[in-house]
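Colleague: I'm new to this one. Could you walk me through how to read it, feature by feature?

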Amino acid sequence: MADDVERTQTPIIFAPETYQYDKFSLNESQLVKDPIDQFTRWFEEAKNDKSETLPEAVTFSSAELPSGRVSSRVLLFKELDHRGFVIYSNWGTSKKARDIQSNPHGAINFFWKDLQRQVRVEGITEHVNRETSERYFKVRPRGSKIGAWASSQSSIIKSREELDQLTAESTKKFEGQEDVPCPNYWGGVRVVPLEIEFWQGRPSRLHDRFTYKRKSEHDNWEIFRLAP
Ligand SMILES: Cc1cc2nc3c(=O)[nH]c(=O)nc-3n(C[C@H](O)[C@H](O)[C@H](O)COP(=O)(O)O)c2cc1C
């Protein structure tokens, strides 16, 4: 109803208590020229911070075309190389798989609460080669490897029992086999960045923000300070 849309709603949750960002600052002289190097520094600091329990947890966003419908989910960032940020998943059946098939643009967001920092990566997704995917698959625990075979990620299933049954079948399939191979639909996707923003929380929400931008992978990075 139109008047229901218009009226000021009674909130179920309203203005949850928050905290001041007052620990660090970021200025031009602290930045290095290459954002991959800048990221490496910040990631190292997040890794070394005892309160950052899962610094590699990222929000990955993708958008399906032609609808433009956006979706996000938490993933674990697993690799950084000179071309970009690599995440691992099922690229056969998942929603994110469908999204990037129709639209290669993707974004990865890091939030390090204790350091009061955010890093936003926007770029173009591409599948890494088989060798790269297999290298990571090899180091996963056996149960996770079997899970990758058993679960058609994001497909609708009837019950937990159905999943248990599929897992049992995959376990049996690889019984006595030392190495569980990497399914061909499973692997890495690299986000090749076109923009990387480093955000440092500051008091009164007057944060320090620097963004590195380039038009394509072959262009040089330019650095801009952004208003908070
Ligand atoms: C902390 C955390 C880590 C996760 N790591 C991964 C991951 O590395 N790969 C993955 O495919 N899903 C991971 N998931 C599950 C995803 O959030 C998501 O449920 C799944 O990828 C299906 O998403 P989609 O249907 O949007 O493609 C993780 C979830 C959490 C909460």
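**Reading the model**

Modeller: Let's start inside: the largest nonpolar core has 25 residues, and those with the most contacts inside it are I108, V119, V121 and V189. Before we go on, this is a predicted model, where local features need pLDDT of at least 70, side-chain atom pairs count only at pLDDT 80 or more, and totals for chains, interfaces and linings use all residues. Residues are numbered from 1 along each chain as its sequence is written.

Colleague: What is a nonpolar core here?

Modeller: The general idea is that in soluble globular proteins, nonpolar side chains tend to be buried together. A nonpolar core is a set of buried Ala, Val, Leu, Ile, Met, Phe, Trp, Tyr and Cys residues joined through C-beta atoms within 7 Å. A residue is buried if 20 or more other C-beta atoms lie within 10 Å of its own, exposed if 12 or fewer, and partly exposed in between, with C-beta atoms placed from the backbone. In the 25-residue core, at least two residues each come from α2 (35-48), β1, β3, β4, β5, β6 and β7 (208-213). β6 supplies the largest share, 5 residues. Apart from this core lies another, of 7 residues, among them F137, A148, W149 and W186.

Colleague: Which residues is V189 in contact with, leaving aside its neighbours within four places in sequence?

Modeller: Two residues are in contact if their C-beta atoms, placed from the backbone, lie within 7 Å. For V189, with those neighbours left aside, the partners are V86, I87, S89, W91, I100, T125, E126, H127 and V128.

Colleague: How many helices and strands are there?

Modeller: Helices (H or I, at least four residues) and strands (E, at least two) are DSSP runs, numbered from the N terminus. The protein has 6 helices and 8 strands, and along the sequence they follow the pattern α-α-β-β-β-α-β-β-α-α-α-β-β-β. Buried residues make up 24% of the 228 residues. Of the contacts between residues at least 6 apart in sequence, 63% join residues at least 24 apart. The C-alpha atoms fill a box of roughly 60 × 55 × 40 Å, taken along the principal axes.

Colleague: Now the ligand. How many residues surround it?

Modeller: For a shell like this, a residue is near a molecule if its C-beta atom, placed from the backbone, lies within 6 Å of it. Here 14 residues surround the ligand, and the closest are S89, S94, K95, K96 and S154. The elements giving two or more residues to that shell are β2 (70-80), β3 (85-90) and α3 (95-102). β2 gives the most, with 5 residues. By class, the shell has 5 nonpolar, 6 polar and 3 charged residues. In that count Ala, Val, Leu, Ile, Met, Phe, Trp, Tyr, Cys and Pro are nonpolar, Asp, Glu, Lys and Arg are charged, and the others, Gly among them, are polar.

Colleague: Which residues of α3 are buried?

Modeller: They are K96, D99 and I100. These residues cover an arc of only 85 degrees around the axis, so they sit on the same side of α3. The arc is that of the directions from the helix axis to the C-beta atoms. As for what they meet, the buried residues of α3 pack against β1 (57-63), β2, β3, β4 (105-112), β5 (117-127) and β6 (186-200).

Colleague: Is S61 in a strand or a loop?

Modeller: S61 is in strand β1. It counts as partly exposed because it has 17 C-beta neighbours inside 10 Å. Leaving aside neighbours within four places in sequence, S61 is in contact with V70, S72, G106 and A107.

Colleague: And the loops: what should I look for in the backbone?

Modeller: Look at peptide bonds and phi angles. The peptide bond from L65 to P66 is cis, with omega near 10 degrees, and P66 lies in the loop between β1 and β2. Q116, in the loop between β4 and β5, has phi near 60 degrees, a positive value in a residue other than glycine. R205 also is not a glycine and has a positive phi, of about 65 degrees; the loop between β6 and β7 is where R205 is found. R205 counts as exposed because it has 9 C-beta neighbours inside 10 Å.
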